[in-house]
Structure formats: C-alpha cells, structure tokens
Amino acid sequence: MELLSNLALGFSVALTPFTLFLAVAGCFLGTIIGALPGLGPSNGVAILIPLAFSLGLDATSALVLMTAVYYGAMYGGRISSILLNIPGDEPALMTTLDGYPMAKAGRAGDALVLSGFASFFGALFATIGLMLLAPLLSRIAYQFGPSEYFALYLLAFSTLGGIASRNQAKAALASCIGLGIAMIGLDNQTGMPRFTGGNLHLMDGVDFLVAIVGLFAVAEVFVFIESHGRESSIGVKLGKVTLPVRDLTKGIGTMLRSSVIGFIAGVLPGAGASLGSFLAYMGEKNVQGKKGGFGTGVPKGVMAPEAGNNAAAGGALVPMLTLGVPGSGTTAVLLALLLTLNITPGPTLFTDRPDVVWGLIASLLIANFVLLAMNVPMVKMFVHILSVPAWVLLPGVMMISFVGIYSLSGSYFDLLLMIFFGIVGWIFRKLDVPTVPIILGILLGNHMEDALRRAMILSDGDWRFLFGFRWHSSSGGYEFYSAIPSSLLVLAVAGFVAPIFLRRVIKRPQAVSD
Amino acid sequence: MKLSDRLFGVVVILGALAYTAGAFQIQASFMSDPVGSKTFPLMLAGVAAICGLNFVFRPDDDPAWPGRMTLGNIVVAVLVMVAYAHALKPLGFLIPTAVCAAILSFQISPRPLPAAITGLGLSIGLFLIFKYALGLGLQPLPKAWLG
C-alpha cells in the first residue's frame, strides 16, 4: 500500500492549479513540436529548457512541463506521418508505412483517431510500468558502487552505438567526442583546469544545453537550407473525424503486445522510442503474418508503432530516474534539465525527493488523459498548425534557440559555440555520425570518470576491482564481491558487437534522434 | 569515391593526437588519486584514434554533399548567425532579429516579400512573447536610442 500513499502524495503535488496548467500547456506545446516536421522531441525540449529557467520554475514544475512536452511530442509525431508522409519526429517513422496509405485511401481521420488511442494505450501502460518498476529498480541500484556505475555507463554508450548508426566505429567516436568535451573545464577531483587552452569561458566546461541546441536545432536549420524546405510538401486532406469502434476493439491485442515490446525497448539504456516503434511494428507484422497486410494501410499497422513508440517513451524514463542513465536522446535532455536544477537522478531521488518523482508520475497520468482529449477530438486544430511553412518555422526555431541560450548565460561566447555545434552537427549528420551519443557523453562524462576514479581509490589502483574482484588481505587472495559489474560489462560488449551481425538480418530504423 | 570518410578519419586522428598533447599539458595537483586527471582523457583519445584508423581503412560511401550554391548559402547563414550573436547586445533585440530571421527565411524559400514579413513578424511577435509572457529582460532597441 506504499504505492497508494506515494500516488496520493504525487496527486497532491500534481493537482495544484499551476502544475495542472503546466501539464496542459506542455501537452499542447509538445503535440505541436511533435507534429511539425524538423522539430523533434529532443529538439523541442532542448530549446524550451532555457525558457523554463527564465520563467523561474521550481524543480517539480519544470520537470512536469518538460515531460508533458516530451509525451506530447511522442503523440504529435504521428500527425504529419499520416497526413504528409513525413515523420514529425524519428519515432513516428514507422507510422508512415501504414498511416499514409490509409490517409490516401480516404481514412486519414480513422488513422489519426486509432493511432491517438494506441498512443494513449502505450503511454498509459508505460506510465503504470514506470510506477511499478522504478521503485524496485531504485532499490537494486541503491547498492551500486562506483564499479557498477562505470560498467553501467559503458553499457549505455555501447548499446546506444549499436542502433544509432550504421557504422559502429562512428557511434563509438561520437561517444568519445562527447566524453572528451565533458573533460573540458576544472577537474572535479583536483581542481586543475583541463583542455581550456587558457580560455576563461571554458573553465566551467561546455554547457550541455549549448551543445544540445546547437547539434539539434541549429543543425536542423542547415539541413533545411540545404533542402530549400522541399520536404514540407502538401499532404492529404482530413475529412470528418469519427471513432472507428470496431477497428479499435479488434486492435486491443495489437496495442497490448506492442506496448510490452515498446516498454522493454525503452527501459534498456540507450535504446529509446525509435527502437520501440520499430520493434513493435516488426513484431506485430510477424504476428499478423501475410494476411495482416502490413504496409498497405491497415489500422493495426498504425496502432502497433504508435503504442510501441509511446510505451518506449515512458519506459525510457525508468533508467533516467532510477540510475541517472538516460534511455534515449530526449531523456538525456531531460536529465540535463534535472542536473541543472540541482537534482541528481539515481536511487536516492526516490527517498530524498519523493515529491518530485511521484508528482512527476501523477502528472504523467494526468497528461495522458489530456493528450487523449487533444489528439482525438481536437486533432483538427493541430492539423491546421501543420500548415506553417518551413520558411517561417525554421527562422523562428533559430531565434528562439538564440534567445534561450542568450538568456541563460548572457554571453556571446556561448552563442558562437552553439553555432559551431550546429555546423558540426550538420557535417556529422552527412557523415552518418550520430549526435545523440555526443550529448550523452557531455552529460555523463564527468560522472563516468568520477565512477572510475572512485573505484580505483577504493581498490587502491587495482583494475580487477572494475570486474567485481576485491583483494582480501586476511585470506591473501581475490574474492568475487559482486557479479553485477562483470555482467554489465559482458552486456556492454555484446550490445556493441551484436548489431554488426544483426544488421544483416534486420533493417534498422533510418536514424535515431529521439 | 570514399574520400569523405578517409579525410574525416585523418581529421579524427589528428584531433586525437591534439587531445593527447592537451592531456599531457594538464598540471598535476597536490591532491592525487590512483587514476589521476590524465588517464581517462588518454583512454578516450586512444579509442577515438582507433575509430579514425577505421574510417581511413574501411570508409563508408560518400554522402551527397551539397553543390557550390547551397554550400554558399550555408556559409552565409553561418555568417549571419555569427553577426547576430555579436549584434544582440549592442543593437537590442528587434532589429538584428528581424534582419537575421528575414535572411534565413529567404534562404529556405527565396522570395523577398514573404521573407521580409516573416522577419518583421517573428521579431515583433517573439519580442512580445519573451518580454511579456515569459518576462525575459530583453532590450528592444539600441541603448543609445532609448537615451
């Protein structure tokens, strides 16, 4: 019954008028961000973070707003997938496969309603899963020492690499670049400057918000300049929106299976919503077989990826909150938000700040119902917003990014750095070097190095400690104190190597940037 | 041709070498631990160098690089952004934002009138939102004009 009292605490936080308002506003903004092509969830959350700060929101409010945006973006992505055949964000890619054919066949309204319900189903499933799984996981993580954490970070980077790029070496390089950037600034342990080149601006290190906004938002502007906004084509018209009850009841099994697959994919560190929707779609395609007609515009073909996508989005919050290791790009951005608010995610979060965790969970439950209302009966409103042309949208995104970063630091050095990251992001995207591991590296670099150094201090420089061995002076030999570090390391190696072989078997989603 | 990746690999290796040199520049402190400030950065540089070698010897196919025109457009966009970063403080929000947004809009869709309207609209609209809805302390116009 601990769960009920925790939930009661959560709802007492979430049901204050202001928090409720933030949740609704976040859902609205998020759906727009998701629906607009070129403005994905990680992008959208990143450019909104500086603004959340300048509003002076406290930790719970800021987190509620941003996760509502996050959930909203996951719902919204499907709108342009279905109507324009352009995924509004990467996880919605799989929804184009059946959503657009359905729309062309004059069933755009049905596709939107069914995928909206599937999103709701998946997100609700994941939020309940988060509620049940996160406290358990945090209890296990409570016993983690530095060597466990070092192995866990390694696992996150290697599994992220496995799906983020076609080329494992490029993903590994991206992680190294991110971690390398994190080293810039004063050394946590000794207080000596590293890699600053005598530049005072670099003493505090590179602000990850600058890197995130640069790599995602500014790079996107360059991509659009290159394509001359050609990608914003005109899609199909939306007719009357009704509730296709029969398709919905027939799809319950599909939604349940896809939610389970998506949730598991989301919980795994480094995977995220793109993988969730991909696996859910492929899994359901196999379940339905040839008769299912996947890819020709069948209702189940839009329900499966959307349930999987949203379940994974919720699942990705589990490792972020309990371990401090984000499960996807957007949760990495949310982690950045938490760190800037002086909240360290991890097992202690559940005991030290139950108001934050349970307030967040309660808000997510509320946000789901708000999003269902916005995305099913009110979906036409968002369809109108979709007609904003790229030549208005992109300059707008750019200006918001500049003002956001400027209001955060007030220095033009950070603005120049942001532009630099934008150029790098554009070139890297050309070369198929994923940018999400860079963000993750900048965020986690210092934590990872600290874990390594603390482990070495505990073991007096004995590297075997990292694999779970400890020198036992009374018996004069090594004892195996924990199986967790070495199992995590084995998983890390497997997670890095497996995609090289699996890639021949399954085609991966085109890009991962959620 | 697989030149892009080979070139990129060389840049990565050079970068890793520079990073290694930078790591050796880190001064030792009176506080010390078994790992020290250099080990982790050196490990990173090592892995990055291996990745770089991989690109040189096992390159992917070249991506579709933009033509000279588009590349020029992107260079212009970068210059505009840099100028904007410098102009924001002395010139206030409205004028640089209108100019910069208009140029970016023109580059995505080259029609002068809609671009100018976009710039003007974004500048005023965003200013109102930032100033009055979000309460940011933005300066609208150059300080000198406001006396």
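1. Which residues have the most contacts inside the largest nonpolar core? In this predicted model, the core counts 220 residues, and those with the most contacts inside it are A:Met66, A:Tyr153, A:Ile212, A:Val213 and A:Ile439. Helix α5 of chain A, residues 93-141, gives the most to this core, with 23 residues. Domain 1 (3-57) and domain 2 (68-146) of chain B both give residues to the core as well, so the core lies between these two domains.

2. Leaving aside residues up to four places away in sequence, A:Ile439 touches A:Gly178, A:Phe208, A:Ala211, A:Ile212, A:Leu215, A:Gly329 and A:Ala332.

3. On the overall form of chain A, the model has 21 helices and 4 strands. Its radius of gyration is 22 Å, close to the 24 Å that the globule rule gives for 514 residues, so chain A is as compact as a globular protein of that length. The C-alpha trace of chain A spans about 75 × 50 × 50 Å along its principal axes, and 62% of the 514 residues count as buried. Where contacts in chain A are between residues at least 6 apart in sequence, 79% join residues at least 24 apart.

4. Chain B calls for a separate description. It has 6 helices and 0 strands, which follow the pattern α-α-α-α-α-α when read along the sequence. The radius of gyration of chain B is 24 Å, well over the 15 Å that the globule rule gives for 147 residues, so chain B is more spread out than a compact globule. Its C-alpha atoms fill a box of roughly 60 × 50 × 25 Å along the principal axes, and of its 147 residues 31% count as buried. Among contacts in chain B between residues at least 6 apart in sequence, 61% join residues at least 24 apart.

5. The contact between the chains takes 53 residues from chain B and 53 residues from chain A. On the side of chain B that touches chain A, the elements giving two or more residues are α1, α2, α3 (68-91), α4 (94-108) and α5 (112-133) of chain B, and α3(B) gives the most, with 12 residues. By class, this side of chain B has 35 nonpolar, 14 polar and 4 charged residues.

6. The buried residues of α2(B) are B:Phe40, B:Pro41, B:Leu44, B:Ala45, B:Ala48, B:Ala49, B:Cys51, B:Gly52 and B:Phe55. An α-helix has 3.6 residues a turn, so residues three or four places apart point the same way. The buried residues of α2(B) pack against α7 (168-182) and α20 (436-458) of chain A, together with α1 (3-25) of chain B.

7. Most residues other than glycine have a negative phi. A:Phe195, however, has a positive phi near 55 degrees; it lies in the loop between β2 (193-194) and α8 (208-227) of chain A and is buried, with 20 other C-beta atoms within 10 Å. A:Asp432, likewise not a glycine, has a positive phi of about 65 degrees. A:Asp432 is found in the loop between α19 (412-430) and α20 of chain A, and it is partly exposed, with 17 other C-beta atoms within 10 Å.

Methods:
Residues are numbered from 1 along each chain as its sequence is written. Chains are lettered from A and ligands numbered from 1 in the order in which they are written. This is a predicted model: local features need pLDDT of at least 70, side-chain atom pairs count only at pLDDT 80 or more; totals for chains, interfaces and linings use all residues. A residue is buried if 20 or more other C-beta atoms lie within 10 Å of its own, exposed if 12 or fewer, and partly exposed in between; C-beta atoms are placed from the backbone. Two residues are in contact if their C-beta atoms, placed from the backbone, lie within 7 Å. Ala, Val, Leu, Ile, Met, Phe, Trp, Tyr, Cys and Pro count as nonpolar, Asp, Glu, Lys and Arg as charged, and the others, Gly among them, as polar. The radius of gyration is taken over C-alpha atoms; the globule rule is 2.2 Å times the number of residues to the power 0.38. A nonpolar core is a set of buried Ala, Val, Leu, Ile, Met, Phe, Trp, Tyr and Cys residues joined through C-beta atoms within 7 Å. Domain bounds come from an automatic or database domain assignment.
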